[in-house]
Amino acid sequence: MSHDPDAPVLEFGGTTPYEDYVQADVLTHLQHPLSDDPGEMAFLVTTQVMELWFTVLVHEWQTAARKLREDDLEAAAAALTRSTYEMASLNASWEPLAHLTPAQFNSYRSALGDGSGFQSAMYRRVEFLLGEKSSSMLVPHRGSPRVHAELEKALHEPSLYDEALRFLARRGEDVPEAVLQRDLTRRYEADPGVEAVWVRVYRDGAGSVAHRLGEALTEVAELVWRWRNDHLVATRRAMGAKTGTGGSAGVAWLEKRAAKQVFPELWTARSHV
Ligand code: HEM
C-alpha cells in the first residue's frame, strides 16, 4: 500500500515523539477512582488539571518575581499576563464540579476519606507566592521529604508582592523600610505606607511603570478571588454546611478565606483616589 505523501508519518522506531514530549501515556494512566460512581472520574481529573495549572502559575510567578528582582518589568509583565490567561482557564475548570447535588457528591465523598485540597502542596506554593505565608502549612507535608523541602524553601523566599514592593522602592517610591525588611516567613499584612504608595501611583501615575505593575497585580488578585469564590460556591452546592473532609468547618471556613484579598493595598487604595 503506497503512503499518501500529504498524510502524517505513521512509523516510528520507538515511542512517538509526541509521547516522548507530552508523556501522555503516563498522564492518562494516573486516574484511579476510589468508588464505582461514574461522576468521580470528572472530580479526580478536574483536581489533577487544577494541580497542573497551579504548577504553571508557580512557574509564571517565580519568573515574574525574578524578573522584577532584575528590574526587567517587560519580562515580569509578560509572565503576569500569561498567568492571567492561565488563571482564566483554571477558573473555567470549575464547570464540571459547579453543579453537583449533595447526593451526587456523597456517592464518592466517603471514598476520599480524610483527603482534602487543603493538603495540596502546590496550592500552598501558589498562596506563598501571593504573600499568604504560614509555617504551620508545612506540617501536613512532614511525611513527604521532597514536598516539604520545596515548601520550606518557598516559605523563606520573597513573595511576588514582596518583589513588586522592592522594585517600586528601587524606583524611588516611598515603601516603608519595615515592609522591605519584613519577616518573609510570615503572612503579608496590609500597611498604610504601602497603601499611600499605591494611592499616589493611581492618582498621578497613569501610564507609568508602577501603574502598569499595579494593574497587572490587580488582575492576578481578582482572578485569585474568583477561584476562591467559585470553589466556595461549588462546595456550598455539593455539601451545604457539613464539615470538610479535611476537618474544617467547611463552607464557613472557606468563606473566611474567600473574604480576603491578596495584595490588599491595591484594593484599599482605590477608596482614596
Ligand atoms: C465539589 C468539590 C469540592 C468540595 C466540596 C470541596 C470542599 C472543600 C472544603 C470543605 C475545604 C476546606 C478544608 C476541608 O475541611 O476539607 C476545601 C479546601 C480546599 N480545596 Fe476543595 N473542594 C472541592 C473541590 C476542589 C478542587 C477540584 C480543588 C482543586 C485542587 C480543591 C482545592 C482545595 C484547596 C486548595 C483547599 C484549601 C484552600 C485554602 O487553604 O484556603 N477543591 N475544599
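Trainee: How many helices and how many strands are there in the protein chain?

Mentor: The protein chain has 13 helices and 0 strands. Helices (H or I, at least four residues) and strands (E, at least two) are DSSP runs, numbered from the N terminus. This is a predicted model, in which local features need pLDDT of at least 70 and side-chain atom pairs count only at pLDDT 80 or more, while totals for chains, interfaces and linings use all residues. Residues are numbered from 1 along each chain as its sequence is written.

Trainee: What are the spans of the C-alpha trace along its principal axes?

Mentor: They are about 70 × 55 × 35 Å for the protein chain. Of its 273 residues, 24% count as buried. A residue is buried if 20 or more other C-beta atoms lie within 10 Å of its own, exposed if 12 or fewer, and partly exposed in between, with C-beta atoms placed from the backbone.

Trainee: Why are α3 and α4 called roughly antiparallel?

Mentor: Helix α3 (residues 40–69) and helix α4 (residues 73–92) pack at an angle of about 165°, with their axes 8 Å apart. Axes are lines fitted to C-alpha atoms, for helices over the stretch in contact, and angles run from 0 to 180 degrees between N-to-C directions. Angles under 35 degrees count as roughly parallel, over 145 as roughly antiparallel, 65 to 115 as roughly perpendicular and the rest as oblique. The two helices are therefore roughly antiparallel to each other.

Trainee: Which residues make the contact of α3 and α4?

Mentor: Among them are M50, W53 and T63 of α3, and A75, A76 and L90 of α4. Two residues are in contact if their C-beta atoms, placed from the backbone, lie within 7 Å. The residues of this contact divide into 13 nonpolar, 3 polar and 4 charged. Ala, Val, Leu, Ile, Met, Phe, Trp, Tyr, Cys and Pro count as nonpolar, Asp, Glu, Lys and Arg as charged, and the others, Gly among them, as polar.

Trainee: Is T63 buried, exposed or partly exposed, and what makes it so?

Mentor: T63, which lies in helix α3, has 18 other C-beta atoms within 10 Å, so T63 is partly exposed.

Trainee: What makes α10 roughly perpendicular to α11?

Mentor: Helix α10 (residues 192–204) and α11 pack at an angle of about 110°, with their axes 9 Å apart. That angle makes α10 roughly perpendicular to α11. W198, V201 and Y202 of α10 meet A210, H211 and G214 of α11. By class, this contact has 4 nonpolar, 2 polar and no charged residues.

Trainee: Why is helix α6 said to be largely enclosed by the rest of the structure?

Mentor: Of the 9 residues of α6 (residues 121–129), 7 are buried, so this helix is largely enclosed. The buried residues are A121, R124, R125, V126, E127, F128 and L129. Their cover includes α3, α7 (145–156) and α8 (160–170). Just after α6, G131 takes a positive phi of about 105°.

Trainee: Which of the 26 residues around the ligand come nearest?

Mentor: They are S116, G117, G244, G246 and S248; a residue is near a molecule or strand if its C-beta atom, placed from the backbone, lies within 6 Å of it. The elements that give two or more residues to this shell are α3, α11 (209–239) and α12 (251–258). The largest share, 5 residues, comes from α11. By class, the shell has 11 nonpolar, 13 polar and 2 charged residues.
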